[in-house]
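I opened this notebook to record what I looked up in the structure. The entries follow the order in which I worked.

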Amino acid sequence: MNTFEGICEYCGRSEILMAEGKEEADRTVTENCACGGYRQQQRAELLMEYIDDITKENTEKNFRAMEDAQVIGIKDAAAGVVYGHFDEVKISVVGSVVVIKSIINKNGERGAKITRKAVSEEEAEV
Ligand SMILES: [Zn+2]
């Protein structure tokens with residue numbers, strides 16, 4: 001253990017603390033920084049994992065698989081919601097509608113809520 005200057009990777013705030021090395025000092029300051037950048041990044045990563053799940057084929061829910069370009073578009077939109085660029089995004093894709101909404105979570109932090117609904121319709125003209 002020695003004294004190091006840890007720097008938050010999101011806001012640049014620095015703090016002198018005891019750590020095993022510079023890397024650990026940076027990580028400790030980043031993970032505990034009041035700017036919330038680290039937790040926001042964690043939420044964004046969780047959301048991306050969830051998007052990987054819900055964009056796959058799911059016959060039980062009547063979801064068709066999405067192509068890579070569609071998944072990337074949804075992830076970009078979701079990141080925009082988590083980082084506060086959009087309040088709500090609605091995407092119609094392969095027979096379903098994906099809605100990503102900005103929310104304030106139980107810790108008072110900006111987050112996102114995502115839903116995918118299969119759209120099915122039947123119509124006939126005679
Ligand atoms: Zn910070």
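Helices (H or I, at least four residues) and strands (E, at least two) are DSSP runs numbered from the N terminus.

I note that this is a predicted model, in which local features need pLDDT of at least 70 and side-chain atom pairs count only at pLDDT 80 or more, while totals for chains, interfaces and linings use all residues. Residues are numbered from 1 along each chain as its sequence is written.

I checked the axes of helix 2 and helix 3, which come within 10 Å and cross at roughly 150 degrees. The axes are lines fitted to C-alpha atoms, for helices over the stretch in contact, with angles from 0 to 180 degrees between N-to-C directions. Helix 2 and helix 3 are therefore roughly antiparallel, a term for angles over 145 degrees.

Which residues make up the largest nonpolar core? I found 11 residues: Leu47, Ile51, Ile74, Ala77, Ala78, Val81, Val82, Val89, Val98, Ile100 and Ala112. Such a core is a set of buried Ala, Val, Leu, Ile, Met, Phe, Trp, Tyr and Cys residues joined through C-beta atoms within 7 Å. Buried means 20 or more other C-beta atoms within 10 Å of a residue's own, exposed 12 or fewer, and partly exposed in between, with C-beta atoms placed from the backbone. Helix 2 (37-54), helix 3 (68-82) and strand 4 (96-104) each supply at least two residues of this core; the largest share, 5 residues, comes from helix 3. Apart from this core I noted another of 5 residues, including Phe4, Cys8, Ala25 and Val29.

Asn62, in the loop between helix 2 and helix 3, has phi near 65 degrees, a positive value in a residue other than glycine. Asn62 is partly exposed, with 13 other C-beta atoms within 10 Å. I also looked up Val94, which is not a glycine either and has a positive phi of about 30 degrees. Val94 is in the loop between strand 3 (88-93) and strand 4.

Technical notes:
Angles under 35 degrees count as roughly parallel, over 145 as roughly antiparallel, 65 to 115 as roughly perpendicular and the rest as oblique.
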